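Trainee: I would like a close look at a single part, the place where the two chains meet. Please take me through it slowly, with the cut-offs spelled out.

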2 protein chains.
Amino acid sequence: MDEFSLIDRIKTAVRARAADPRVVLGIGDDAAVLDAALGRIAVTTDAMIEGVHFGFDLCSPADVGERAVAVNLSDLAAMGARPLALLFSLEIPRSMDDGVVLAVMRAAGRAAARHSAPVVGGNVTSTPGPFGVTVTALGDVAGDAFLTRSGARPGDAILVSGPLGAAALGLILLRDHPGHARSHPSLVRSYRRPAARVELGMTLGSAGGVHAAIDVSDGLLADLGHVLDASKVGARIDVERIPLPRGARRVSRDLGLDPLDAALSGGDDYELLVFADPAEPAVQALRRVGTVTKARGLTLHRDGKRMILPDVRGYRHRK
Amino acid sequence: MDEFSLIDRIKTAVRARAADPRVVLGIGDDAAVLDAALGRIAVTTDAMIEGVHFGFDLCSPADVGERAVAVNLSDLAAMGARPLALLFSLEIPRSMDDGVVLAVMRAAGRAAARHSAPVVGGNVTSTPGPFGVTVTALGDVAGDAFLTRSGARPGDAILVSGPLGAAALGLILLRDHPGHARSHPSLVRSYRRPAARVELGMTLGSAGGVHAAIDVSDGLLADLGHVLDASKVGARIDVERIPLPRGARRVSRDLGLDPLDAALSGGDDYELLVFADPAEPAVQALRRVGTVTKARGLTLHRDGKRMILPDVRGYRHRK
């Protein structure tokens, strides 16, 4: 199939059911044109490469499409932005069946439509390398109602939007213990189809008492470290308060793992890590796991006792 | 070098000399935040893969950086948009020296700064495949002052912004006749460092008599075909009016090529192909090469005689 008929079929695969009035001009021209009604735009781009970020042995094409959307919408959520549009740049190995590409893009289109983020453009190229999906996500921002990594203040509560470590445990199950994976569908699903916290991000973005946010993609310690560095503050985390996913303790015991390891250093959960005035109404439903301190550095406490902290920078990795 | 120190060095490599007031938040957070002062945004993305779109045997790292910027800004130019910002997604083979990546990005940063298109974000990933650069370009658009592919009208003049075929001849020289390449620096440069017609695009975008535009990336016939299809019109082209690059006739004679072939079907020139009221002042400096017709289909004339037309769709290729 040539480039143009594949693009035509991708267009059909991703078309949202209803036209979005914010899309002045969608797929098919030199560029898309979007209404930036709130006056500011948040924009982010992230790549997913077969063999680096995922494998078709562990993920279906539909998982890959869902995940590519979630990873990028999660960055918008961490800014408190409202999703506006997505672009897809696809690198397709010459040996790859177009059916796989279309399955990826149909799932991506569904995930995009669920979050009102129409697919407005992109490009397709063949490659001698692995399959790759680079997504660009655009969001709307009103004035200063967005959340950076640099706004955390001493005294802020540190909160998480949900359990941590599920994706890491899901990946370990799939990769190393496929026989056990079937018994833990929710952990496996957390790895294959993480959910971006888009609605929550929008709520937090417009809440005055929320000072900073980041999504947990590299792991709690690494992503917390990014915020502490950018905000020039420190933090105390009470690890027993970190919510663990359902089944994490049992599966960790069965496999000889520490569920706290997965929660502290496992990436790809895409929950939000939020820094806010403890009295801010918008964060009352989130789980508080610690406090921002004026003194730089990070301390972990377990049941009131200080833990020896692994080197946070050690968690940084070249993806 | 790990991901983070490479990103830090890329940040330094691409930093524009002066801060751009439109960039509310640049590299280093979950997303960039941009002022969309004109109310609308044009956005496009394009990938360049080593071994598919370029080779380091024919292009220097600086050429690759310049070209990645030009290709994407050219799409904005074809929309009549004002460049606002660029994002870079880099896929880096594990064996690649970081110095090459930094040379690419330094040149990209210079090209971006020349067109007031600050680099505001991106991502870096290692890959088992070839080196790849996926650029996303954002531009400002005011109201309906943008140019689609679908606005061409019967009677419109068809104009080009400069000579066609230079990049194709430059590539043939470099690849097949390296001994001759040195004698034709401007053709070689057209291939290695095409110039996006950004200023012209902005002028045309706000000119009421300009009805459609596209940049010549796939070749005149292919790109003309896109506009004719989208606008549901036909065209007559007078091929002797197509401007050829300086030296094209001589080098074509020397190498046994037809310079018209390169002009009609050679891609990568990134001149603009413009469809406008013949009386529109903004297009008087452009070269008129034909006329839009109500009757669908494309006819080529040479010195008043109709030529047999190659199948336009035959020029379409999966890149």
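How many residues of chain A are in contact with residues of chain B?

Mentor: This is a predicted model, in which local features need pLDDT of at least 70 and side-chain atom pairs count only at pLDDT 80 or more, whereas totals for chains, interfaces and linings use all residues. Residues are numbered from 1 along each chain as its sequence is written, and chains are lettered from A, with ligands numbered from 1, in the order in which they are written.

To your question: 57 residues of chain A are in contact with 57 residues of chain B, where two residues count as in contact if their C-beta atoms, placed from the backbone, lie within 7 Å. On the side of chain A that touches chain B, the largest contribution, 10 residues, comes from strand S3 (residues 39–49) of chain A; strands here are DSSP runs of E with at least two residues, numbered from the N terminus. Sorted by class, that side of chain A holds 25 nonpolar, 18 polar and 14 charged residues, with Ala, Val, Leu, Ile, Met, Phe, Trp, Tyr, Cys and Pro counted as nonpolar, Asp, Glu, Lys and Arg as charged, and the others, Gly among them, as polar.

Strand pairing also crosses between the chains, since strand S2 (residues 32–35) of chain A pairs with strand S3 (residues 39–49) of chain B in the antiparallel sense over four bridges, pairing being assigned if DSSP finds at least two bridges between two strands. Within this pairing, A:Asp35 has B:Arg40 in S3(B) as its bridge partner.

The same surface serves both copies, as 100% of the contact residues of chain A recur in chain B.

On confidence, the predictor gives the complex an ipTM of 0.93 and a pTM of 0.94. Where pLDDT is low, the predicted coordinates should not be read in detail.
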